[in-house]
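Welcome, and thanks for stopping by.

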Amino acid sequence: LAILTFAGRDATEEFNMIHPPDVIGKYAPDAVIGMIGGGGGAAAGGAAEVVLPPGMSAYTLADVAKHTTKTDCWVVVDGQVLDVTKFLSEHP
């Protein structure tokens, strides 16, 4: 299972080398559960807060790193956090 190689981390570089830009929206739109980012705000000296669509959450890479198994697998692609657990059986 190739995806498990990238479980719990940012797979953007490798993913973008082998997939067309529209593949997530086309084949796995329900896998997107949020974005990498968080609060803090520029005024607090941190990164600007990420504005998310309704129903999505902001996660840290540390949050994503906790999801690395066949029964709970998250990856990051282009800042999007994807829960690919259900998709594992369909992907090479």
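Two strands count as paired when DSSP finds at least two bridges between them. With that in mind, β3 and β4 are joined by two bridges and run antiparallel. What you are looking at is a predicted model. The protein chain holds three helices and five strands, and read along the sequence its pattern is α-α-β-β-α-β-β-β.

**The chain as a whole**

- The protein chain has 92 residues, of which 29% count as buried.
- Take the contacts between residues at least 6 apart in sequence: 58% of them join residues at least 24 apart.

**The sheet**

- In what order do the strands of the open sheet lie? The order of the five strands is β2-β1-β5-β4-β3, and the pairing is mixed.
- The edges are taken by β2 and β3 (68-69), each of which has a single partner strand, so one side of each is left without a neighbour in the sheet.
- Strand β2 (residues 57-59) runs parallel to β1, and three bridges join them; one place to look is I36, whose bridge partner in β2 is Y59.
- Strand β1 (residues 32-36) also pairs with strand β5 (residues 80-83), this time in the antiparallel sense and over three bridges. Here M35 stands opposite Q80 in β5.
- Strands β4 and β5 run antiparallel and are joined by four bridges. In this pair, V77 stands opposite Q80 in β5.

- A hairpin of two residues links β3 to β4.
- Another hairpin, that of β4 and β5, also has two residues between its strands.
- Which residue has a positive phi although it is not a glycine? That residue is D78, with a phi of about 50°, and D78 sits in the loop between β4 and β5.
- T12, which is found in helix α1, touches this part of the chain: leaving out residues up to four places away in sequence, T12 touches V76, V77, D78 and G79.
- Is T12 buried or exposed? The relative accessible area of T12 is 16%, and buried means under 20%, so T12 is buried.

**The nonpolar cores**

- In soluble globular proteins, nonpolar side chains tend to be buried together.
- In this model, the largest nonpolar core has 14 residues, and those with the most contacts inside it are I3, I24, C73, V75, V77, L82 and V84.
- Both α2 and β4 supply at least two residues of this core, and β4 gives the most, with three residues.
- Another core, of five residues, lies apart from the largest one and includes Y59, V64, W74 and V81.
- Strand β4 is largely enclosed by the rest of the structure, because five of its six residues are buried.
- V84 is worth a look too: leaving aside neighbours within four places in sequence, V84 is in contact with I3, C73 and V75.

- How much space lies in the largest pocket? The answer is about 350 Å³.
- The largest pocket is lined by 18 residues, and the closest to its centre are I3, F15, H19, F87 and H91.
- Sorted by class, the lining of the largest pocket has 15 nonpolar, two polar and one charged residues.
- The second largest pocket has a volume of about 180 Å³.
- The residues that line the second largest pocket are Y27, A28, P29, D30, A31, D83, V84, T85, K86 and F87.
- By class, six residues in the lining of the second largest pocket are nonpolar, one is polar and three are charged.

Methods. Residues numbered from 1 in each chain as written. Predicted model: local features only at pLDDT ≥ 70, side-chain atom pairs only at ≥ 80, totals over all residues. Heavy atoms only, no water. 1 Å grid on protein atoms, 1.4 Å probe; cavity = no way out; pocket = protein on both sides within 12 Å on 5 of 7 lines; lining within 4 Å. Points joined across faces, edges and corners; volume = space filled by probe spheres on them. Nonpolar A, V, L, I, M, F, W, Y, C, P; charged D, E, K, R; others polar. Core = buried A, V, L, I, M, F, W, Y, C linked by side-chain atoms within 4.5 Å. Buried < 20%, exposed > 50% of the residue type's maximum accessible area, 1.4 Å probe, protein only. Contact = heavy atoms within 4.5 Å.
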